[in-house]
Amino acid sequence: MITMEWWAIIAAVVAVLGVVLYRSYRIYDFFEADGIPHSRPIPILGNIWKAVLLRSTFAELIRLMYDQFPDAKYIGFFDFMTPMVTIRDLDLLKSITVKNFDHFTDHRSFVDDSVDPLFSKNLFGLRGERWKEVRGLLSPAFTSSKMKSMFLLMRDCADEYADYLASIKPGENTIELKEAFTRYTNDVIATCAFGVNVNSMKDKENKFYVYGREATNFGRLQSLKFFLIRSWPWLCRVFGIRMIRKEIENFFTELVATTVKTRKEQGIVRPDMIQLMMETEGRLGPGKEFTIEDITAQAFIFFFGGFESTSTLMCFAAHEIGVNEEVQTRLQQEIDQVLENCNGTVTYDAINDMKYLDAVVHEALRMYPTVVAVDRVCVKQFELPPAVPDGKPHIVREGEFLWIPIYGFHYDPRYYPEPEKFNPDRFYDNTKQMTNSGMFLAFGMGPRMCIGNRFALLETKVLLFHIFAKCNLVPCSKTSIPMKLSKKGFAMTAENGFWFDIVPRADNKTDAEKVLLLEPPVLSG
């Protein structure tokens with residue numbers, strides 16, 4: 001049975017067909033004049049038709065586009081009917097995102113306040129001075145002192161989840177990791193961003209988890225809505241198509257309003273984002289003060305990113321650890337050494353000093369970035385050098401768009417030899433050098449890079465630490481080997497889920513075996 005929501009989408013699609021067919025033949029000549037390499041698009045769907053029609057994953061589409069013209073500094077690409085200059089030269093990318101950031105300060109906006117305020121008013125969607133102002137206000141939420149406070153909450157939650165997994169009975173221990181990991185990220189975000197205590201393993205149908213799962217599940221319907229809202233927002237306003245159901249928006253808004261009211265009345269202070277925004281009251285000036293809607297939007301996008309993106313990172317990292325026995329053994333050696341040094345309880349500093357765990361997480365982010373491409377809007381005219389040696393400079397005008405093909409850079413053998421291979425040693429000795437080089441783009445680059453990157457890395461490391469301290473992941477008949485990405489939506493995830501057998505680690509090793517486990521491995525080459 002077709003729901004009203006689907007009828008609205010169908011009506012919107014039909015209404016737009018006549019307009020776009022009339023205009024498309026002129027728009028698709030956009031790159032011809034300056035000799036910018038590009039593939040010929042098809043009407044309406046442009047160059048992303050394979051992803052829209054589920055013939056390809058969005059990640060594979062990005063990589064194919066990136067690899068098609070290897071000698072070009074940038075290429076042309078049509079996102080439906082919108083021309084996007086797609087950067088594939090590292091020096092040019094640094095110039096755009098750092099040196100000349102004032103020309104490309106914003107992301108593409110695809111929804112306004114009247115339709116979906118949770119998306120339009122959050123940090124990712126904000127533009128210009130308001131973005132700069134809010135970014136500055138939220139940055140203190142991710143300082144080292146705040147991370148240490150949040151670490152204690154993460155550690156207790158991760159320890160409980162690891163105990164739960166280690167206690168699963170034989171015969172029932174084949175599990176899909178995504179559900180377990182999203183419950184963990186749900187509980188961590190609930191307490192760190194909203195100040196709410198939730199236990200999603202015991203209370204499996206709590207609204208925080210159920211609504212969060214729906215809001216962040218970018219399957220076919222949600223992906224289609226995203227594409228429609230981004231490309232034809234005016235049409236979606238007419239037909240009332242929203243990214244988030246009103247019921248979910250109301251739940252989070254009421255939750256924040258109640259939290260703010262309770263804290264003010266009872267003098268409660270917590271080291272979280274809501275507290276930071278509450279403390280700005282009376283300091284921003286007329287028209288700039290944070291409303292409940294503004295506070296909800298910031299907390300929600302933090303929840304949105306932390307719930308889905310971070311749990312996906314955890315899944316891919318755990319998958320690669322589980323299918324690579326040498327990686328799992330080496331990681332557990334490092335974990336055992338840390339536990340011995342910390343007398344059984346890991347500390348914030350100890351987690352951050354774990355070189356191999358850090359390398360494993362960064363290599364997982366390289367191979368499986370949760371965002372495979374990101375855009376920039378030109379706010380001030382900018383001249384690009386010729387795309388190819390015999391081409392002409394290209395003027396990017398105000399309001400036009402660039403694309404940064406993250407997945408393409410991450411699989412470029414010039415930067416990462418044997419890019420298909422999971423190899424944490426790429427990052428083992430020089431993580432900071434690698435992540436600051438410009439070729440690692442999992443969190444973006446420049447002033448608009450992800451504000452929550454430290455939080456996401458810490459949350460991931462804490463969970464992986466506790467799971468592999470107590471459990472082994474063993475491939476089972478449902479485990480995807482090799483990994484296959486899902487084509488059902490544009491979100492990065494596995495085709496058939498992340499299935500493994502969870503086996504408690506044996507605690508009856510001999511003293512000689514324990515000594516061997518604590519010795520650093522001898523690496524060949």
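Buried means under 20% relative accessible area, exposed means over 50%, and partly exposed lies in between (1.4 Å probe, protein chains only). The structure is a predicted model, in which local features need pLDDT of at least 70 and side-chain atom pairs count only at pLDDT 80 or more, while totals for chains, interfaces and linings use all residues. Residues are numbered from 1 along each chain as its sequence is written, and side-chain values use heavy atoms, with hydrogens and water left out.

Side chains of opposite charge can pair when their charged atoms come close. With a salt bridge taken as a side-chain nitrogen of Lys or Arg within 4 Å of a carboxyl oxygen of Asp or Glu, the count comes to 29 salt bridges. Three of these pairs are set out below.

| Pair | N to O distance |
|---|---|
| Glu420 and Arg63 | 2.5 Å |
| Arg213 and Glu308 | 3.6 Å |
| Arg245 and Glu247 | 2.7 Å |

Helices here are DSSP runs of H or I with at least four residues, strands are runs of E with at least two, and both are numbered from the N terminus. Arg213 lies in helix α9 (residues 207-216) and Glu308 in helix α14 (residues 292-323), so this pair ties together parts that are 95 residues apart in sequence. Arg213 is partly exposed, with a relative accessible area of 27%, whereas Glu308, at 13%, counts as buried.
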